[in-house]
Amino acid sequence: MATVQEAKFKVIGTRPIRHDGVDKVTGRAKYGADISLPGLLHGKVLRSPHAHAKIKSIDVSAALKLPGVKAVLTSADFPKLQSGVVPMGELAMNPHYMSMNLLAHDKVLYDGHPVAAVAATNPHIAEEAIRLIKVEYEVLPHVLDAESAMKEGAPILLPELRTSGTPEKSDKQTNVASQVRFARGDLEAGFKAADVIVEREFNTAMVHQGYIEPHNAVAQYNPDGQTTIWTSTQGAFTARDQCALVLNIPASSIKVIPAEIGGGFGGKIGIYLEPLALLMSKKTGKPVKLVMSRGEVLRATGPTSGSHIRVKMGANKKGEITAAQIWMAYEAGAFPGSPVGAGCMTVLAPYNLENLQIDGFDVVVNRPKTAAYRAPGATNAAMGAETVIDELAEKLGFDPIEFRRINGAKEGTAQPAGPKFLRIGYLETLDAAKNSEHYKSPLPKVDGRLVGRGVASGFWFNAGFQSSATVNINTDGTANVVTGSPDIGGSRASCAMIAAEVLGLKAEQVHPVVADTESIGHTDMTGGSRVTFATGYAVYEAAQDAVNQLKQRAATLWKAKPDDVVYQDGVVSCTTNGHESMTLRELAGRLPRAGGPVTGQASMTPRGVGPVFATHVVDVEVDAETGKVDILRYTAAQDVGKAVHPSYVEGQIQGGVSQGVGWALNEEYYYDENGLMRNTGFLDYRMPTTLDLPMIETILVEVPNPGHPIGIRGVGEVPIVPPPAAIANAIYRAVGVRLTELPMPKLKTLALGCF
Amino acid sequence: MSGKVHVEATLNGEQVEFLCEPRQSALEVLRDVLGFTGAKEGCLTGDCGACSMVMDGRVVCSCLVLGPEMQGHTIETVEGIAKDGEKLHPLQQKFLEHAALQCGICTPGFLVAAKALLDKNPKPTEHEVRFGLAGNLCRCTGYDKIVRAVMDAAAVMQGR
Amino acid sequence: MQAFTYEAPRSLDQALSLFGSTGDNARALVGGTDLLIQMRAATRQPTVIVDVKSIPELQIISFDPQSGLRLGAAVSSVRIYEDKMMQDKYPGLTEAAWLIGSVQIKHRCSVGGNLCNGSPAADTPPALIALGAECVIASTKGTRTVKAEDFVVSPGRTVLQPGEILVEFRIPAPKPHSADCYQRFIPRNEMDIAVVGVGAAVTLNGDTCTSARIGLGAVAPTPLFAKAASDSLVGKPLNEQNIAAAATLAQQIAVPITDMRGTVDYRKHMVGVLTRRVLTEAAARAKKK
């Protein structure tokens, strides 16, 4: 393992132009909806207009008669599968529920739940066709929030569901899919030792990842049983395996070509369209394309949980947190699988705590099934914990950063879930925030507005998982790097830069390729902040493998021993035998006579994942008459391990912050009394525009990850964790009111002049 | 009743003619009829700007223009921003240098809108840039690097 | 979208005869920034779309010091914004037109389309009402005039009968020391539909207000003319006290609903806040004229 502190990088840490950049600024890059094939049919999905209902009958005859309609699908076209959890790489899937979510079986469980699909010669005809499908429903009572769904007498969504994780097995029908507890120490004693105790209750609304590109899939089924699928996905192998599982066909019969992807943030790991496209292509013999509308994306893909959270924390006069108790119920949507577990494991991780109890409940409700959204579960929980910590600090007379430092986690501190941290950078982010220009500058004065400054921290553990890479030496001495990680945020560039570093090439001399499921070894999805860490690790190892082969080839040419050959900065030289040397370019030209092509390869599941922390500072202004909140200034300090391409690391931080700002101020799922979603477009699902954000200052704190040869930590997720709490804390300091709801201030609870 | 309409227009400096159903939007015409997939569909309600095109010098949402409305008009898309095969427009170059794109789906819309902005207002303030681009949503970048890239491109185009 | 035929008449007569023969099945198209969305959602399903942008009468902007402004129904917001006369003489209507949506929308949308869509939350009606605008409607049978505050009859429905189209607005020339103003509240900083919108136009004689008109948007099934609030200011100075009293009167006629954009209480509160702010600004502008 290279000693990262001493390493002087030539490419890593620079800011080359990303390799796929020209295609993306000229409109040439092909995203899933851009794919076209001869004879293409267009699919549309018919969706439930009810939040909860039994399906009594589906009559597709009128749709089939419409000229231009070539196929119609219902759940009858899907195989029957056992219910039960199947591990699939990093995911745990229930094929029965997956199938039900793709096309409803005997009931619909949320407004927008797919019921049938059609394929037609153009999308307008497909739209007309789905309006001709007659479905008879028996409407059932619905339930929309976790608290209500947990009560006696709540409508039951899944009659066979039983709570897992309880001390005793229960046979009661329930909406609580699972519960989990992390506890240690003596809570009662801890609260007794506190000089101040703060207790607060929070409600956070369901929000969506908000990627600008809707879901898409194109499938071409061949008579030999092989299907090619183009899709904008975060993981081609993950998409393939899910398709295979839910259709009960071999994974090797499906080739998934990952198109460029227009944002995912966790929402494009699960599949919604691919099996429908495949089945309709099989029925028609033609390629079938399905693209969701924005309304479908919001209603029927995978937002993240709304939640109900109770926090009780105590601290003593010395500023030490003596006890923390958190109770969280997360909306899973129509099927189990909210990120409440991750919420429990991340919520108090920045702090060294002896006495804690964290309870989490995964609760099904009549909303779309939730999916991962950037540090899933952590933002909700941080809203609760980080605002209560702010309140404790204030009541005890501590600066909010100092208070966190007193309790700050470091190497050796035990996480809420138990394991001890290795080398981490939390305290460093506190220092960086405290010493920032922003924090040192006085609060600005704004005419007619109240101004306040807030601080909050956040944590995410990041992921490892499986990655494969090959590094091919080209005949001109450059290299290709082939991986299976779809590029959402610039990871092609970081992979190329890592290979370039090892090979002694310039970044522009390495050509990164994102390959399909037939062209690269298995690679888990792009997500969990894992690509630069894990795929980058595989690239590093593959490049080292290539270097070893190059040394052997040179040794062959020089009739020397491989141990006598060194490779440094793109030059291979012999330490004996006349001390000859060659550039990589020269060697590449001679490879045919030196043993053949050089292809470095690596497949791995790296351990040594480095978690990351962030501390954010925000200034807000509040119009006391209208309750409008605007962000004046924002600074995000984050431990980034080793920034391979600093511009894209900064970009990840700025993007996560802006999503957190939207989550805090304006984004929410608005359902009416019938359980139907009303804000199904970008007009009323309000994400920040250019006018809603200032420049976002980023401070990259590099505390190298000891578990990685280059010190890399995943950086993409933690930036979304602190913003809502930081903003809530800033609003408090501006107006003197502690807001405990997301989004805030909700227009219905505005103080109406009582600030 | 739903017969196709014959339309002639100028697209990125070239004469084009095509047939389209009246209900096909300019976005569908660009992407599905003419094969220019640079403009993207993000919302179909004019709220995200991913479909932006310039029509007679003004940036509009192509999803809210009907195909037949293109008759006789001058249309510019992202594919026409770089004037030759070798050199990028300063906006495109600055977007790359500033890392003003991550997933890139909003980038064509931003480039089209930013070019129209700079063509009308060559020395915009930061606020004017943000105002002019408020109809373009980006979910990846938080807009910081996009605004910097546009301001930097403006400076280059002014010879500053 | 349901299929339809597209017509683009080049003269008003051509357009009127088209509307005359298609009646309720036709819809006029200007910017399309509401209509196309509704057609995709199937809430409006015309079988004939009549693109009226090429009709000269609908594209005029002409001002006469005696007879005032004639503003064609299809004039785009950007043309209004870039017109120095409009900015100078009708800053409130200009800013209302310029607040509709993003730059992309502003390049296409029109005051006529904004009004004819019939949304209670539209931005231009409060400004039109404040200016005492009259709407000139034409059909093959002739023309008629309707006051702006009477144009929308319920959410999405206007006084337009089958065969009729809105041709232009007529707005009186502003007297000396007159100015109008429009403000709205939205949750973000752009792009949103008004939670509440208020337009006001005032004329001053010295310190005394000689005429005032206040229009309210998004707080009733239709845009409202706040008559009592407006009349309460005539003959009085536009000071904080009188403005506050007028704002209270305006609040009294607001009958907002709770929906995903705001609650009853919040909207009523904001009628007061915005009326105060708009009157204060209009008065400040009027003093400078």
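The model is predicted: local features need pLDDT of at least 70 and side-chain atom pairs pLDDT 80 or more, while totals for chains, interfaces and linings use all residues. Residues are numbered from 1 along each chain as written, chains are lettered from A in the order written, and side-chain values use heavy atoms without hydrogens or water.

**Interface of chain C and chain A**

| Item | Value |
|---|---|
| Buried area | about 2300 Å² |
| Residues from chain C | 26 residues |
| Residues from chain A | 26 residues |
| Salt bridges | four salt bridges |

Buried area is the accessible area (1.4 Å probe) that two parts lose on being put together, summed over both; contact means heavy atoms within 4.5 Å. Carbon and sulfur atoms give 54% of the buried area. In chain C, Arg188(C), Asn189(C) and Met260(C) lose the most area to chain A, together 31% of what that side buries. A salt bridge (a side-chain nitrogen of Lys or Arg within 4 Å of a carboxyl oxygen of Asp or Glu) joins Asp623(A) and Arg277(C) at 3.1 Å, N to O.

**Ser139(C)**

Ser139(C) is buried because its relative accessibility is 13%, buried meaning under 20% relative accessible area (1.4 Å probe, protein chains only). Beyond neighbours within four places in sequence, Ser139(C) contacts Leu16(C), Gly163(C) and Glu164(C).

How values were computed
Buried means under 20% relative accessible area, exposed over 50%, partly exposed in between (1.4 Å probe, protein chains only).
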